[in-house]
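Please examine the sequence and the structure shown below. The paragraphs that follow consider record annotations, packing and confidence in turn.

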Amino acid sequence: MIMVPWFRKLTLTIHITSTVGWLGAVFGYIALVIAALITQDVQMGRVAWSAMEIIGWYVIVPLALVSFLTGLVMSLGTAWGLFRHYWILFKLLLTIVATVVLLLNMPTVSYLANVTHQTGAFNFDGLWGQLLHAGGGLAVLFLTTILSVYKPRGMTRYGIQKQEQLRKLSQQ
């Protein structure tokens, strides 16, 4: 099923916006982690954990889900297809992995933010792990962006078969 042009453009706009937003929010998250790592101020460290929890649950998670869903709609509703090109499959896989890791990590962020809030003390526990998670997420997002821009050649077997079917139909 091919999408009508106005819906394809709307979906593409939402997809690009959510993905760029996800990327920007991760940069903000990393800035909070770094600020918490280098601060000597207990209050700033406590606020950083709270802000990381808020940005994680209310910005990064929704943007990741919207990016995934709109990417899925775009691939299923355009001639690119979901299973025709390796770059789309890799991008889908990377997005799924990044989203799952994010969803598995966020309860830890909430727990550590809650501990910091309840005890009133700033705890460095988990900050290096958060830097690693966010840095890995950033690397994955850059890789998916590179795949989207360069669209490396290489069709799957399914894509080659579909291309042959279309070629035979056009010759009839």
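Which residues does UniProt list for "transmembrane region"? The unreviewed entry gives residues 12-35, 55-76, 88-107 and 127-150. The model examined here is a predicted one, and two of these stretches may be followed in it. Over residues 12-35 the chain is 100% helix and 0% strand, with the end C-alpha atoms 35 Å apart. Residues 88-107 are likewise 100% helix and 0% strand, and their end C-alpha atoms lie 30 Å apart.

Attention may now turn to the packing of side chains. In the largest nonpolar core there are 28 residues. Those with the most contacts inside this core are Trp 22, Val 26, Tyr 29, Trp 49, Met 52, Ile 60 and Leu 127. Two or more residues of the core are given by each of the elements α1 (5-38), α2 (42-77), α3 (86-119) and α4 (127-150). Helix α1 supplies the largest share, 10 residues.

When neighbours within four places in sequence are left aside, Trp 22 is in contact with Ile 60, Leu 63, Ala 64, Ser 67, Thr 95, Ala 98, Thr 99 and Leu 141. There is also a second, separate core of five residues, among them Leu 82, Trp 87, Ile 88 and Leu 147.

The protein chain has a mean pLDDT of 92, and 99% of its residues reach 70 or more. Confidence is highest in α1, at a mean of 96, and lowest in helix α5 (residues 157-171), at a mean of 85.

Terms used. Residues numbered from 1 in each chain as written. Predicted model: local features only at pLDDT ≥ 70, side-chain atom pairs only at ≥ 80, totals over all residues. Heavy atoms only, no water. Core = buried A, V, L, I, M, F, W, Y, C linked by side-chain atoms within 4.5 Å. Buried < 20%, exposed > 50% of the residue type's maximum accessible area, 1.4 Å probe, protein only. Helix = DSSP H or I, 4+ residues; strand = E, 2+ residues; numbered from the N terminus. Contact = heavy atoms within 4.5 Å. UniProt positions renumbered as here; feature names shortened; annotations may be inferred. pLDDT = per-residue confidence, 0-100.
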